[in-house]
Amino acid sequence: MRQTNRPDARPRASHFIDGVYVEDDAGETIDVIYPATGEVIATVHAATQAVIDRAFESARAAQAAWAATPPRERGRVLTRAAQILRERNREMSILETMDTGKPLQETLVADATSGADALEYFGGIAAGLTGEHIPLGEDWAYTIREPLGVCVGIGAWNYPTQIACWKAAPALACGNAMVFKPSETTPLCTLKVAEILIEAGLPAGLFNVVQGAGAVGGALTTDPRADKVSLTGSVPTGRKVYSAAAESMKHVTMELGGKSPMLVFDDADLEDAVGGAILGNFYSSGQICTNGTRVFVQKGLRARFVERMAERMRDAVIGDPLDEATNFGPLVSARQMEIVERYLKIAEDEGARRVVGGERLDRPGYWLTPALFDGVTDDMTMAREEIFGPVLSVLEFDDEDEGIARANATEFGLSAGVFTRDIGRAHRVIGRLRAGTCFINSYNDAPVEMPFGGVKMSGIGRENAKAAIEHYSQVKSVYVRMGRVEAPF
Ligand code: NDP
């Protein structure tokens with residue numbers, strides 16, 4: 001495979017605390033691996049307790065003054081950061097590609113730009129975050145929207161820049177400070193986000209980045225100095241973090257995994273449905289939480305759908321992720337590749353028919369070709385468990401009621417999609433699907449203006465849009481008596 005020249009990805013130090021880079025090499029060494037080649041491109045150290053203490057102390061110290069800063073000024077800082085992030089989009093996208101292996105063709109349009117959208121959106125609405133006036137006759141009440149304090153953000157490895165910004169932007173707009181831990185697999189981009197926020201005028205201490213794996217995440221979650229934990233990760237991790245946070249009654253946002261259904265009816269536009277299923281299964285090499293990995297296709301269309309999907313999959317350009325012509329990259333890590341390979345084997349053992357793909361490429365790095373399976377049934381492991389890789393399952397269904405019942409028969413509830421030309425059916429079906437983020441004749445759009453999140457085991461709370469404000473602020477109610485106080489004695 002031809003290799004584009006790569007810039008030096010090494011960060012100035014492992015952590016970013018109180019406005020500056022901080023190193024403490026007493027912490028465990030974490031190698032950052034470029035998934036396209038398997039080479040070590042940087043090394044960071046996990047945070048020691050001393051580093052965690054510094055992060056919380058600086059966040060606590062900075063938060064009160066930030067909460068007292070006029071919201072308009074807080075918003076201005078975020079808007080400026082959005083602008084810088086956009087100006088550095090290419091540089092940030094290259095780093096994101098090196099951190100995750102995702103093709104530059106994707107990262108140029110879906111990562112720093114999505115982070116900038118969040119900073120711009122919450123920067124814009126910061127000044128409009130007000131309480132209510134509640135008339136009560138002679139008396140009245142009012143509410144004050146207050147920040148929570150110090151919020152912990154913990155990220156997954158698939159969208160490091162986006163996840164950091166989706167959490168930091170509403171948190172900071174509401175007057176909170178944040179201590180953020182990226183995934184140990186992708187520690188680089190969040191440090192750049194921290195640098196940019198400082199450059200945009202964010203006071204030191206309000207967005208601190210500490211590195212580490214689950215143990216550091218656990219220490220952040222249970223720390224008494226944290227008022228909230230927002231996690232993007234898997235359901236098993238979500239369970240641990242949610243229950244640990246409950247001990248001290250911390251607020252939580254849980255953005256977890258899924259096994260989302262996509263219902264393709266006979267009357268759907270075939271090209272759009274196939275395109276939606278490609279976006280919903282193979283973008284980011286299938287490593288997206290909302291992916292519609294159970295593609296239910298109505299009986300009359302199934303054979304043509306599978307044939308056309310297989311044809312279009314042959315057009316995937318698999319190669320150097322830094323080459324902008326590439327549209328399919330490697331998996332993020334050796335571990336993730338092994339997980340997906342294990343699921344591929346189980347799929348065949350359980351009788352699913354592999355139409356195309358699922359082969360390991362003979363080159364360094366973590367390469368699997370996108371896989372299409374037909375004849376998948378609801379009881380198969382591949383239809384029940386989140387694989388988090390480029391594996392699309394086609395399941396056949398007969399009618400609307402059956403399709404909906406089978407789509408809902410899962411513990412997850414992150415996303416769902418429907419492809420049909422019948423407008424009545426589209427809304428009727430979506431109304432009955434139990435999922436937090438849904439799509440009609442489309443898949444995997446995530447504009448910041450639209451709330452994002454799951455139901456059932458897929459999560460608690462919402463990111464993006466005005467809905468996120470509810471999860472980064474709390475309401476203080478104030479009763480105001482205008483007359484005398486009448487007491488019984
Ligand atoms: P993990 O759940 O393995 O990890 C998520 C984060 O939590 C990582 O930073 C991880 O650290 C950290 N962590 C692990 N254990 C603990 C613990 N006990 N306490 C606190 N933090 C902990 O998820 P992945 O990183 O493997 O990401 C893939 C998962 O994320 C998939 O299930 C996917 O569906 C989900 N996801 C959900 C999204 C959503 O918005 N709903 C979006 C993107 C992904 P480390 O990895 O460094 O060990």
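**Note on a predicted model: surface, cores and selected residues**

1. Surface. The protein exposes about 19600 Å², and carbon and sulfur atoms supply 51% of that area. Accessible areas come from the Shrake-Rupley method with a 1.4 Å probe, and for residues only the protein chains shown count as cover. This is a predicted model: local features need pLDDT of at least 70, side-chain atom pairs count only at pLDDT 80 or more, and totals for chains, interfaces and linings use all residues. Residues are numbered from 1 along each chain as its sequence is written, and side-chain values use heavy atoms, with hydrogens and water left out.

2. Overall form. The secondary structure comes to 16 helices and 20 strands. Helices (H or I, at least four residues) and strands (E, at least two) are DSSP runs, numbered from the N terminus. The radius of gyration is 24 Å, close to the 23 Å that the globule rule gives for 489 residues, so the protein is as compact as a globular protein of that length. That radius is taken over C-alpha atoms, and the rule is 2.2 Å times the number of residues to the power 0.38. Along its principal axes the C-alpha trace spans about 80 × 55 × 40 Å.

3. Of the 489 residues, 57% are buried. Buried means under 20% relative accessible area, exposed over 50%, and partly exposed in between (1.4 Å probe, protein chains only). Among contacts with a separation of 6 or more, 73% join residues 24 or more positions apart. Contact means heavy atoms within 4.5 Å.

4. Charges. The protein has 51 positive and 66 negative charges, and their mean positions are 2 Å apart. Lys and Arg count as positive and Asp and Glu as negative; His and the chain ends are not counted. The place of a charge is NZ of Lys, CZ of Arg, CG of Asp or CD of Glu.

5. Cores. The largest nonpolar core has 81 residues. Such a core is a set of buried Ala, Val, Leu, Ile, Met, Phe, Trp, Tyr and Cys residues joined through side-chain atoms within 4.5 Å. Leu119, Phe122, Leu197, Phe207 and Val210 have the most contacts inside the largest one. Helix H6 (residues 160-173) gives the largest share of this core, nine residues. Apart from this core lies another, of 32 residues, with Ile339, Met380, Ile404 and Ala407 among them.

6. Leu197. Which residues does Leu197 contact, leaving aside its neighbours within four places in sequence? They are Val77, Leu78, Ala81, Leu119, Leu172, Leu202 and Phe207.

7. Helix H6. Cys165 is found in helix H6 and is buried, at 0% relative accessibility. Beyond four places in sequence, Cys165 contacts Leu85, Gly115, Ala118, Leu119, Pro170 and Val193. Lys167 lies in helix H6. Is Lys167 buried or exposed? Lys167 is buried, with a relative accessible area of 0%. Neighbours within four places aside, Lys167 is in contact with Gly153, Ile154, Met178, Phe180, Ser230, Leu231, Thr232, Glu463 and Tyr472.

8. Glu106. This residue is found in helix H4 (residues 104-110). Glu106 is buried, with a relative accessible area of 3%. Not counting residues up to four places away in sequence, Glu106 touches Asp111, Tyr159, Tyr283, Ser284 and Asn327.

9. Positive phi. Most residues other than glycine have a negative phi. Asp18 has a phi near 55°, a positive value. Asp18 is found in the loop between strand S1 (15-17) and strand S2 (20-22), and counts as partly exposed at 41% relative accessibility. Phe388 has a positive phi near 60°. Phe388 lies in the loop between helix H13 (381-384) and strand S16 (391-397), and counts as buried at 16% relative accessibility.

10. Two further loop residues. Pro447 lies in the loop between strand S18 (437-440) and strand S19 (459-460). Pro447 is partly exposed, with a relative accessible area of 35%. Pro447 and Asn464 are 17 residues apart in sequence and 8.2 Å apart in space, C-alpha to C-alpha. Ala68 is in the loop between helix H1 (49-67) and helix H2 (71-87). Ala68 is exposed, with a relative accessible area of 63%.
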